[in-house]
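Hi,

Here is the structure I promised to pass on. Have a look at it first, and my notes on what turned up follow below.

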Amino acid sequence: MGDTSASSSYRDSLKSLDTEEHIDLAFYRPVGYMWACLARRLGVTPNVITIASIFLGIGAGIAFYYNNIWINIAGMLLLVWANSFDSADGQLARMTKQYSRIGRILDGLSGDVWFATIYIAICLRENLTSPFFASHPWLIWVVAVVTGLCHAKQAAMADYYRQFHLYFLKGEEGSELDSSAPLKEKLASLSWTKDFWAKTVLYFYTNYTVNQESWTPAMQALRRQLKESYPDGRIPQSFRDAFRKLSLPLMKYTNILSFNWRTIALFCSLFIGMPWLYFAFELVVLNALLVYMVKRHELLCRRLNAELKEGKYN
């Protein structure tokens, strides 16, 4: 009975099997679940775990500065530890119902801080150890900035498509899908003098959502059509099933654009002593994958929108 209860609790800590990556299911989610159970017993909140992951990720980035494989391996272990905490905070939030927009923003910020530290470490290291970059010290910084901007876009769109999939799979309660219109209204209602921190956080989150929407015009047209076709919000199960069938094959691309394959490429570049290759991987491979994923997703949204207008799901 206890094993059945523990198994059920573990499954409930996952977002969904549709959106989970194989490496996460095999390693990070079980380890994260153990951390989450420990944190629940100790009364530790998800946000505290997230903050701890930030410090671990910074430590990993510092270790990657050194041209020493053993120090680099220590950094890899720290980064794996940080990501297990990143998994644990979300699992703990689902187990204890401690959801918050601050937590969601903080969770996204943690990864940005990890990789910002890693990018800086790689730039400093390459300027010290690479004859080419030592003679062109500005170049690696330009590459890092461009790569960082691309990384942010890749992560934002992967998260948006995952949340859109979860919205149709599990409904509003199982998704963190937002819309910029109500966020803008809420932002306008806050005062910079009385609600400075709340408004600052919401300002950046609103811009983040607006940016996601700007890359997905067909998705936004589909959302508008759904509101027009089903003003009570009761989207038929037949439509939800149709969306899931078309969206599910694309989930593997959102996972590749997330943490695991990105860090596999990073670790490989460190093992061969050429960390700049990680930037090339993000700029070439992951950007190509992002463009492909956006085009495929927009295509499926246009198809479903046309079917809605034809009354197929009435």
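This is a predicted model: local features need pLDDT of at least 70, side-chain atom pairs count only at pLDDT 80 or more; totals for chains, interfaces and linings use all residues.

**A pair of helices**

Two packed helices are described by the angle between their axes and the distance between the axes. Take helix α3 (residues 46–63) and helix α4 (residues 69–96): their axes come within 8 Å and cross at roughly 165°. That angle is over 145 degrees, so α3 and α4 are roughly antiparallel to each other. As for the hand, the crossing of α3 and α4 is left-handed. What sort of residues make up the contact of α3 with α4? They divide into 15 nonpolar, 6 polar and 2 charged.

Next, the second largest pocket, which holds about 260 Å³ of space. Its lining is made of 14 residues, and those nearest the pocket's centre are D112, A116, Y119, G148 and L149. By class, the lining of the second largest pocket splits into 10 nonpolar residues, 3 polar and 1 charged.

The space in the largest cavity is about 50 Å³. If you want to find it in the viewer, pick out R104, Y160, Q163, E176, L177, D178, Y205, Y208, T209 and Q212, which line it. Helix α7 turns up again here: α7 and α9 (196–214) each supply at least two residues of this cavity's lining. The element that gives the most is α9, with 4 residues. The lining of the largest cavity has 4 nonpolar, 3 polar and 3 charged residues.

**Aromatic rings**

Last, the rings. The structure holds 25 aromatic pairs. One of them is F239 with Y313: the ring centres are 5.2 Å apart and the planes stand at 90°, so this pair is edge-to-face. F239 belongs to helix α11 (residues 237–247), while Y313 is in the segment after α14 (276–309).

Cheers

Technical notes
Residues are numbered from 1 along each chain as its sequence is written. Side-chain values use heavy atoms; hydrogens and water are left out. On a 1 Å grid over the protein atoms alone, a cavity is a set of points where a 1.4 Å probe fits but cannot get out, and a pocket is an open set with protein on both sides within 12 Å along at least five of seven lines; lining residues have an atom within 4 Å of a point. Grid points are joined across faces, edges and corners, and a volume is the space filled by probe spheres set on the points. Ala, Val, Leu, Ile, Met, Phe, Trp, Tyr, Cys and Pro count as nonpolar, Asp, Glu, Lys and Arg as charged, and the others, Gly among them, as polar. Axes are lines fitted to C-alpha atoms, for helices over the stretch in contact, and angles run from 0 to 180 degrees between N-to-C directions. Angles under 35 degrees count as roughly parallel, over 145 as roughly antiparallel, 65 to 115 as roughly perpendicular and the rest as oblique. A crossing is left-handed if the near helix is turned anticlockwise from the far one by less than a right angle, and right-handed if clockwise. Rings of Phe, Tyr and Trp (its six-membered ring) pair if their centres lie within 6.5 Å; planes under 30 degrees apart count as stacked, over 60 as edge-to-face and the rest as tilted.
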